[in-house]
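Try each task before reading its solution.

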Amino acid sequence: MRPLTDNPISRPEDDAFHFEPYVTVLHEAVAQATPLPLTVGVFGSWGTGKSSFLKLWEERFEREKVPTIWFNPWKYDQKVEVWAALLHTILAELEKEEKLGEKARRLARAATWLSVRAGLGAATALGTGGVIKGEAVDQMLQDIAVRDSEQYRQINRFESDFAKAVKEFVGDEGRLVVFVDDLDRCTPESAMTVLESLKLFLAETQCVFVLALDLDVLAAVATNKFGEALKGAPAEVVSGLAYLDKIVQLPFFLPDVGFDTLRAAYGTAIPEFEDLAFFWGLLQHSLGNNPRRLKRYLNVLSMALAVTRAQTGRAPSSEFRLQLAMLLIFRTRYRSFFHHLAAEPDSWRVLASYFARAREEPRNAAAFRTGFSGALLAFALDTDLENMLTYGGPDAVVSPDGPDVLAMISTLRRTAGPDAAPE
């Protein structure tokens, strides 16, 4: 088996999702943006390829010799102030220029002083990118009382001094592009500090900030920040759109990746199903077109099939492969039913038979449910589950016997880990 990894792509030749035209549009728009700074928001839900999109764009800037910095705020979340880590990440890059070394270190000391004053102490060294060492932070703690007035003066000049340092780094007409990825993996509090730092400390710089996050996370950030003030506000305010307008000047919503594109990209990873249209139609119907969800599903299914071959010494039948695929869909999307099957494995066959009869004689559906237990009755009334079990009509997946269901559940537990809690 060849597992599908979750690593973002970075080369145009690997662009299976066809993001490159959108990268070009954004790139050309940003190239004309003046004055700077500019904040670009690349929005998309979990697993839709935001990191790959950013990596493709980063490669375009690097080809043009435009300096870029990549910042992953989640690495610092709950360890240091994330806004300070962002500043230090930029300053660590500037420090590489010999002529800017001392200036970058002075600015880093000012940023560290802010963190120390926030009560973070020596832990701040984690976020300084090596510009400020741990022992230097300890010394700063001892010197604060003596040097407060000097530090306050540095802080008052921090924004303009930072802007001058960036200008010296990129030149009069240059720009520094800062990619902030995985912001939606941070807590709302940390995400807020990163967004606000763009206004508080970096509002005069020759920078382009590219933020990748989920709009729903932005709504959580706004709600967390404004709390009671949002109660009774219009829907567009509560959704975070009003806050978005204050932070992001150029929003871009990542296009959906078509299912046919995903099938072409992932099909070779699971050769048993590569050319089986019914299987891919089943996945599209049940799992949708989220790339990360599909990759994880296909990896688990491939491993389960490999385990089955190792156990039996032979390749599983096409019927068994589809049954295992369907059971994994239950585990992924219908967890309550999956857990029910572990206790009553014949329920799959019973429900599939009921749904088929009920569709043929809808007037007698209630009579067909006579004798169903409470849990089974609830599943019999679940139209989503009905559509799943009857997908394909006469070509629907054949229901396995109870012992086979239990054997397949055992295989999935070995390959996919402990079951998730029921919904």
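**Exercise 1.** What is the order of the 5 strands in the open sheet, and is the pairing parallel or antiparallel?

*Solution.* A note before starting: this is a predicted model, where local features need pLDDT of at least 70, side-chain atom pairs count only at pLDDT 80 or more, and totals for chains, interfaces and linings use all residues. Residues are numbered from 1 along each chain as its sequence is written, and side-chain values use heavy atoms, leaving out hydrogens and water.

Step 1: Read across the sheet: β2-β3-β4-β1-β5, with parallel pairing. Strands are DSSP runs of E with at least two residues, helices runs of H or I with at least four, both numbered from the N terminus; two strands pair if DSSP finds at least two bridges between them.

Step 2: Find the edges, β2 (68-71) and β5 (250-253), each of which pairs on one side only.

Step 3: Look at β2 and β3 (residues 176-180), which run parallel and are joined by 4 bridges. Thr 68 has Val 177 in β3 as its bridge partner.

**Exercise 2.** At what angle do helix α15 and helix α20 pack?

*Solution.* Step 1: Helix α15 (residues 335-343) and helix α20 (residues 402-416) pack at about 120°, with axes 9 Å apart. Axes are lines fitted to C-alpha atoms, for helices over the stretch in contact (heavy atoms within 4.5 Å), and angles run from 0 to 180 degrees between N-to-C directions.

Step 1: List the contact: Phe 338, Leu 341 and Ala 342 of α15 meet Val 405, Leu 406, Ile 409, Leu 412 and Arg 413 of α20.
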